[in-house]
Amino acid sequence: MIAMMALSAPSTLVHLSGVDLAIIAIYFLLVLAIGFYLKKFAKTGEDFFLAGREMTAWVAGLAFVSANLGSLELLGWAGNAYQYGIMAAHWYWIGAIPAMVFLGLVMMPFYYISKTHSVPGYLKLRYGTEASALSAVTFAFMTILMSGVNMYAMAVVMEVVLGWNLHFSIIVSSLTVGVYVAAGGLFSAIFNEVLQFFLIWFGALLIPILGLVETGGWSGMVARIHQNFPGQNFTHMWGPMSSASNNPMGVHWIAIVFGLGAVQSMGYWTTDFLVVQRVLSAKDVRSAKLAPIIGSFFKMAVPLIVILPGLLGRAVLPFHLVPGNVAQPGQFKYDDVLPLMLARYCGPGLMGLGITALVAGFMAGMAGNVSAFATVWTYDLYRPYLRKDAPDAHYVSMGRWCTMIGLFVSIGTAYLVQYNKSMMDYVQALFGFFIAPLFGTVVLGMLWKRVSRMGGFWGLLAGVVTSVTAFLLMKFDPSWVKVFAFSPLAQPLAQAMWQALWACVTCVVVTVLVTLLTKPKPDEELRGLVYALTQVPREENTSWLHRPVIWGVTALAILVVLQIIFW
Amino acid sequence: MSEKHIIPVWFFVGLLLLTYGVLILGSGLVDWSHPPEGVELSNLHAPVWWGALLIVLGVIYCAKYYPRGEM
């Protein structure tokens with residue numbers, strides 16, 4: 001194994017020493033050992049699919065934020081920071097923090113009290129089988145495709161950065177993930193996400209520290225960026241967004257606030273089961289409310305290890321990076337900025353730690369996908385539609401089998417993507433089609449008891465159709481960009497925000513209209529599922545230090561201060 | 001199944017930090033007089049103090065969450 005890993009081509013971005021390879025090998029051995037150790041604790045369905053619902057707020061919170069801290073995220077957003085400047089931090093701040101606090105304070109009690117195993121499971125209880133089946137089928141399908149896309153992307157990054165063989169990366173990483181998730185279920189996935197969290201922080205934190213030492217602090221870095229790229233604004237977040245033509249992203253502040261902050265991020269952080277599943281593993285309602293809020297503080301700090309290295313790249317790299325689609329041999333792409341900065345400051349040992357953090361991020365991402373897939377398949381598709389009354393052990397066994405089957409399908413998807421690269425863009429876009437309207441459906445269902453069974457289903461479907469239509473029109477006929485995004489300059493990231501906003505608005509409008517024309521569900525069927533008919537445990541007797549609302553407000557206050565500082 | 005019987009994840013975190021700290025500190029000490037070529041600010045000997053930090057944190061986590069009689 002080590003010999004194969006060491007087969008680095010001379011053109012790779014970084015080269016590994018013996019101690020680096022030892023660090024990587026130790027990580028693989030430890031995660032496998034943890035998986036086998038946890039197998040004995042994952043005996044019931046509750047254990048395997050929801051980690052026994054016994055995780056503390058801290059463990060669930062770190063796993064929650066870590067499930068989103070994959071390596072594609074790190075590499076991609078460091079590249080976006082190089083390309084667009086500090087504006088990329090919007091996806092970590094306004095594009096995450098309000099949604100995480102909203103999940104903790106408003107939505108989590110309903111997910112938790114209803115004792116659902118998944119988001120489609122909640123839809124089944126709240127609306128019925130139509131909306132639930134639509135959500136479960138699309139989620140299971142998309143999750144497995146996304147896992148394959150991630151797998152392929154990881155293999156390409158490892159090939160470019162380290163010179164590792166593509167097939168070797170795919171097979172070793174997927175088998176390792178398959179073994180430890182099939183053994184310990186969500187226990188394994190969560191344990192490894194917590195390990196990954198520490199690895200990513202300790203593997204990447206030296207880059208901004210040493211980068212700021214080299215540039216003489218923040219002001220020195222800004223001065224160098226202005227010197228290297230005169231007349232361009234990379235260090236302000238809101239100032240350049242008064243008009244779409246004033247910033248390289250082609251985005252207006254309205255799209256950031258309403259498209260990203262109010263819809264896209266709400267949809268992702270509150271209804272994507274991949275992340276919500278981590279919080280459902282919490283041991284009680286208070287922990288479930290606190291977990292996403294704990295996660296929000298760490299999420300707020302992530303720009304330090306992702307956005308700042310991208311900005312430092314603008315300041316210190318002696319050459320300019322270029323977009324991936326125009327890169328010539330010998331040129332580096334935007335997405336290469338993080339490995340380049342790692343290679344700039346990290347020698348033997350530290351390099352191994354940084355690369356292990358990337359590998360861990362990829363593997364945790366795959367584990368998250370397959371564990372969420374196994375849960376939705378088993379509880380939301382197999383049990384209600386194929387085999388209703390099997391013993392619990394049968395469903396655990398099904399979970400283990402479909403973890404492995406899911407990984408094999410992912411491997412197949414990875415090879416399909418290899419031969420049809422444009423499929424990668426489509427799969428990533430497809431995933432976004434369902435998230436924004438799903439948020440409209442779930443949040444309306446939680447807050448308004450009048451919403452009817454058919455209102456939920458038709459609203460969700462209309463939102464998805466709107467999302468797909470907007471995407472296809474903007475992709476194949478750029479004249480539609482001006483119609484949907486109000487500016488012909490809108491780049492794909494800005495287009496996605498407007499697409500999400502239109503999808504959610506359509507979902508809400510159709511849901512309300514259909515609801516007013518159809519019969520509501522009786523109150524008895526909605527107890528524990530909607531705001532007006534649920535007794536959420538109050539926290540008068542809890543010390544203020546342990547109250548989720550105090551920490552939620554604190555997180556929002558820090559968010560406002562950060563916006564003012566980097567305005 | 002009860003959580004108290006499972007070794008806390010924090011112990012595994014400590015184990016990993018401690019092991020990596022020892023390897024990185026050792027590597028930094030070996031390279032002390034011959035810093036690797038092409039690495040900026042190698043005069044600051046980052047692997048030495050970063051490795052030491054990992055060791056300290058690893059020891060703290062291992063000691064605090066050592067599974068006494070829970071295995």
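Of the 567 residues that make up chain A, 58% count as buried, a residue being buried if 20 or more other C-beta atoms lie within 10 Å of its own, exposed if 12 or fewer, and partly exposed in between, with C-beta atoms placed from the backbone. The model is predicted: local features need pLDDT of at least 70, side-chain atom pairs count only at pLDDT 80 or more, and totals for chains, interfaces and linings use all residues. Residues are numbered from 1 along each chain as its sequence is written, while chains are lettered from A and ligands numbered from 1 in the order in which they are written.

Q: How do you know that the radius of gyration of chain A agrees with that of a compact globule?
A: The globule rule is 2.2 Å times the number of residues to the power 0.38, and the radius is taken over C-alpha atoms. For 567 residues the rule gives a value near 24 Å, and chain A has 23 Å, which agrees. The C-alpha trace spans about 65 × 55 × 55 Å along its principal axes.

Q: Which secondary-structure elements does chain A hold, and how many?
A: Chain A has 23 helices and 0 strands; helices (H or I, at least four residues) and strands (E, at least two) are DSSP runs, numbered from the N terminus.

Q: What share of the contacts in chain A with a separation of 6 or more joins residues 24 or more positions apart?
A: That share is 84%, where two residues are in contact if their C-beta atoms, placed from the backbone, lie within 7 Å.

Q: Why is A:Ser66 called buried?
A: A:Ser66 has 29 C-beta neighbours inside 10 Å, and therefore counts as buried. This residue belongs to helix H4 (residues 57-66). Leaving aside residues up to four places away in sequence, A:Ser66 touches A:Glu193, A:Val194, A:Gln196, A:Phe197 and A:Ala364.

Q: What makes A:Lys299 a buried residue?
A: A:Lys299 has 24 other C-beta atoms within 10 Å, so the residue is buried. A:Lys299 lies in helix H14, and among the residues that A:Lys299 touches are A:Val65, A:Tyr92 and A:Met100.

Q: Is A:Lys115 buried, partly exposed or exposed, and why?
A: With 14 C-beta neighbours inside 10 Å, A:Lys115 counts as partly exposed. The residue sits in the loop between helix H6 (97-113) and helix H7 (119-126).

Q: Why is A:Ala51 called buried?
A: A:Ala51 has 33 C-beta neighbours inside 10 Å and so counts as buried. A:Ala51 is placed in the loop between helix H3 (45-50) and H4, with a positive phi near 50° in a residue other than glycine.

Q: What makes H14(A) roughly parallel to H23(A)?
A: The axes of helix H14 (residues 285-301) and helix H23 (residues 548-565) of chain A cross at roughly 20° and come within 9 Å. That angle makes H14(A) roughly parallel to H23(A), because angles under 35 degrees count as roughly parallel, over 145 as roughly antiparallel, 65 to 115 as roughly perpendicular and the rest as oblique. Axes are lines fitted to C-alpha atoms, for helices over the stretch in contact, and angles run from 0 to 180 degrees between N-to-C directions. By class, the contact of H14(A) with H23(A) has 9 nonpolar, 2 polar and 2 charged residues; Ala, Val, Leu, Ile, Met, Phe, Trp, Tyr, Cys and Pro count as nonpolar, Asp, Glu, Lys and Arg as charged, and the others, Gly among them, as polar.

Q: Why are H2(A) and H9(A) called roughly perpendicular?
A: H2(A) and H9(A) pack at about 80°, with their axes 8 Å apart, and are therefore roughly perpendicular to each other. Residues making this contact include A:Phe28 and A:Leu32 of H2(A) and A:Tyr180 and A:Phe187 of H9(A). The contact divides into 11 nonpolar, 5 polar and no charged residues.

Q: How many residues does each chain give to the contact of chain A with chain B, and which helix of chain A supplies the largest share?
A: Chain A gives 30 residues and chain B gives 25. Helices of chain A that each supply at least two residues include H9 (166-204) and H17 (350-385). The largest share of the chain A side, 6 residues, comes from H2(A). By class, that side has 21 nonpolar, 4 polar and 5 charged residues.
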